[in-house]
Amino acid sequence: MAKVKRYSPQNKHKRTFMIKGILLYIFPFPLLLALFSALLHGDIRGILVNGMAYALFLLGATVARRGFLMEKEYKESILAKAPKIKYKTIASAIITIAVFFTSFFATANDLFLSIVLAVVAFIGFYLYYGLDPREDKVGELNIGVSAEEVIEITSVAKARIENIQKLKKSIGDLEISQQLERIIKETEQVIVSVESNPNDLSRARKFFNVYLHRTEKITQEYANNLKNENIDSTMKSNYLHLLETVESTIHEQKARLNEDDITRLDVQIEALTKQLKNEGV
């Protein structure tokens, strides 16, 4: 199993403030001043034109910021699909239109100059911010493993870990918390391993879909019963025994991820044989 940094669900989904893109909100500030001036003088055309131009710039900046956040998540992820909605590309188009509209209608420049300024704005956006990621970060996938499946299964596993973290806090029992924390850390390592080498999914699929799923559900039931004061020493003992079994299963799973390429080749051959059989070859 490859040596990689530990995945932390708490940090993974935490939205942090981004400086990138703030300039796009500052750039059209003169239009806001012109809008206030038009309001003071009762200039209906000035209100409409400057208001529309300012709104276009704000829309472009907001869409661009969405694109920057998605790009940040894409770059920080080990495994990711390229964004389906090209927010940065859409933003560049909106800002290009905003520059043309401002030049031609708000400042009364001629058509040619307005087009030139709009083109310069598009080129400037592209050179400074770039466009959206276009290639998937999936590595080399073997037969029987698709990028969509890997991303979907690991995303669900991360969500289950986050829920188990919340349940752990609500239970508030030291012994159970320590056991759950060990399971969470071990599971995070399995997730990172699969993200680093998606072909490990064939081994980890059952663990994610069965064992982790059942652990989440049973922990949820335990927390609910604890809230309703229905937990006795026998039930707690049985629950702890279950967690020990899960932890043991994770150790076995990690050992399987460390198997050599011969076993990996067996899995590929088995998948290919099944595929050929299904196709009637």
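Visitor: Why are helices H7 and H8 called roughly antiparallel to each other?

Guide: The axes of H7 and H8 (residues 174-196) cross at roughly 165° and come within 10 Å, and because angles under 35 degrees count as roughly parallel, over 145 as roughly antiparallel, 65 to 115 as roughly perpendicular and the rest as oblique, H7 and H8 are roughly antiparallel. Axes here are lines fitted to C-alpha atoms, for helices over the stretch in contact, with angles from 0 to 180 degrees between N-to-C directions; helices are DSSP runs of H or I with at least four residues, and strands are runs of E with at least two, numbered from the N terminus. This is a predicted model, in which local features need pLDDT of at least 70 and side-chain atom pairs pLDDT 80 or more, while totals for chains, interfaces and linings use all residues. Residues are numbered from 1 along each chain as its sequence is written, and side-chain values use heavy atoms, without hydrogens and water.

Visitor: What makes H7 roughly parallel to H9?

Guide: The axes of H7 (residues 147-171) and H9 (residues 201-227) cross at roughly 25° and come within 9 Å, which makes H7 roughly parallel to H9. Their contact has 12 nonpolar residues (Ala, Val, Leu, Ile, Met, Phe, Trp, Tyr, Cys and Pro), 4 charged ones (Asp, Glu, Lys and Arg) and 7 polar ones (the others, Gly among them).

Visitor: How do you know whether H4 and H5 are roughly parallel or antiparallel?

Guide: The axes of H4 and H5 cross at roughly 160° and come within 8 Å, and H4 and H5 are therefore roughly antiparallel. By class, this contact has 21 nonpolar, 4 polar and 4 charged residues.

Visitor: What makes the pairing of Glu-71 and Lys-75 a salt bridge?

Guide: A salt bridge requires a side-chain nitrogen of Lys or Arg within 4 Å of a carboxyl oxygen of Asp or Glu, and the side chains of Glu-71 and Lys-75 meet at 4.0 Å, N to O. Because they are 4 residues apart in helix H4 (residues 44-76), Glu-71 and Lys-75 are separated by about one helical turn. The whole structure holds 11 salt bridges.
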